[in-house]
Amino acid sequence: MQHATTWGLVSTIKAPADAILNFAAHHLDIGAHRIHIYLDEDCPQARIALDAHPRCIVTVTDDAYWANRRKRPEAHQTRQTINATRAYRRRPGVDWLGHIDVDEFLSPSIPLAEQLAALPATARTARIRPIEALAPVPNDTGATWFKACHLRQSPRNAQTEEIFPTFGALLNGGFLSHVAGKIFVRTGQVGLSLRIHNAFDDAGKISNEDELTQTLLCHFHAPDWQAWQRAYRYRLQSGSYRESLKGAPSLPITMNALFNAIEADGGEPALRAFYDEVCTATPALRARLDAKGLLHRIDLDLDAKRARHFPSHA
């Protein structure tokens, strides 16, 4: 009897219980065989629920955990990569392991196991491209609107300037976060380590030759103004807008410099104007995205999935 391809995820998470369980429940619902969650900060409600589920493995990365690994890195990106590599190397119980974040949700059009099984035997990694959630406008409830961007940089830049008339020339695809996407890695490779967007071995970064084109990575990076503002200062200082992070080579400015310039020019109202143009699902923005084939609408139905897999947290 032929072995059925299995897949799982690893994620380092610091979030409220419902967010953690939404992440786990959604991916269990679409076929994850194992979900390895490393809690960057203990969340007893989520930990107890995850511990009770046979397909979830939860690890609290407390002082004792880090004491066995020299010391706790200051940068959360480093903690993520250490934890992901540890999960990969400790027999993760699947044929393919993906490394994504708590605000990212895989949306396959056909079962992910089938897509992975169809990859060539030589495939070491497989990339999934992101789409970024747009904030809803009043009275637009239910499914979430998402923006995508062109895969190639030159047409992407041209389209972005058309779609986002004020800020498009300063943005990579109109995204606030990564356009690189995330990867799945075939398990059992010796000397492999995971990063945020790539995998490495003793020879350096592993060249990614394959893509899972029938799966989207739904990224809730800035799903509404309040959520974006809660994360904004941390991202500017230490996260995805930090000063040390390089921007796309074709752009004249980094995200850090852009946001600092917007704030210096007009404070919070200017930031809000930016958000309204770039991140809000207005009819005008949806029409411009749709004309380029870059508009998606997806209903993840997270509350129902959480109730199904973690009924005590319905």
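**Exercise 1. How much space lies in the largest pocket?**

Before we start, note that this is a predicted model, where local features need pLDDT of at least 70, side-chain atom pairs count only at pLDDT 80 or more, and totals for chains, interfaces and linings use all residues. Residues are numbered from 1 along each chain as its sequence is written, and side-chain values use heavy atoms, leaving out hydrogens and water.

*Step 1.* Learn the term: on a 1 Å grid over the protein atoms alone, a pocket is an open set of points with protein on both sides within 12 Å along at least five of seven lines, while a cavity is a set where a 1.4 Å probe fits but cannot get out. A volume is the space filled by probe spheres set on the points, which are joined across faces, edges and corners.

*Step 2.* Read off the value: the largest pocket holds about 1800 Å³.

*Step 3.* Find its lining, meaning residues with an atom within 4 Å of a point. There are 50 of them, and Asp 101, Ser 177, His 221, Arg 235 and Ser 240 lie nearest the centre.

*Step 4.* Ask which element gives the most: α7 does, with five residues. Helices (H or I, at least four residues) and strands (E, at least two) are DSSP runs, numbered from the N terminus.

**Exercise 2. Describe the largest cavity.**

*Step 1.* Count first: one cavity of 30 Å³ or more is found, and the volume of the largest is about 30 Å³.

*Step 2.* Look at the lining, which includes Ala 148, Arg 156, Phe 164 and Leu 294. Helix α6 (residues 153-163) supplies the largest share, four residues.

*Step 3.* Sort the lining by class: six residues are nonpolar, four polar and one charged. Here Ala, Val, Leu, Ile, Met, Phe, Trp, Tyr, Cys and Pro count as nonpolar, Asp, Glu, Lys and Arg as charged, and the others, Gly among them, as polar.

**Exercise 3. Work out how α1 and α2 are arranged.**

*Step 1.* Take the axes of α1 (residues 17-29) and α2 (residues 44-51): they come within 8 Å and cross at roughly 25°. Axes are lines fitted to C-alpha atoms, for helices over the stretch in contact, with angles from 0 to 180 degrees between N-to-C directions.

*Step 2.* Name the arrangement: α1 is therefore roughly parallel to α2, a label for angles under 35 degrees.

*Step 3.* Find the contact (heavy atoms within 4.5 Å). Ile 20 and Leu 21 are among the α1 residues that make it, and Ala 49 and Leu 50 are among those of α2.

*Step 4.* Sort by class: the contact has seven nonpolar, one polar and no charged residues.

How values were computed: Angles under 35 degrees count as roughly parallel, over 145 as roughly antiparallel, 65 to 115 as roughly perpendicular and the rest as oblique.
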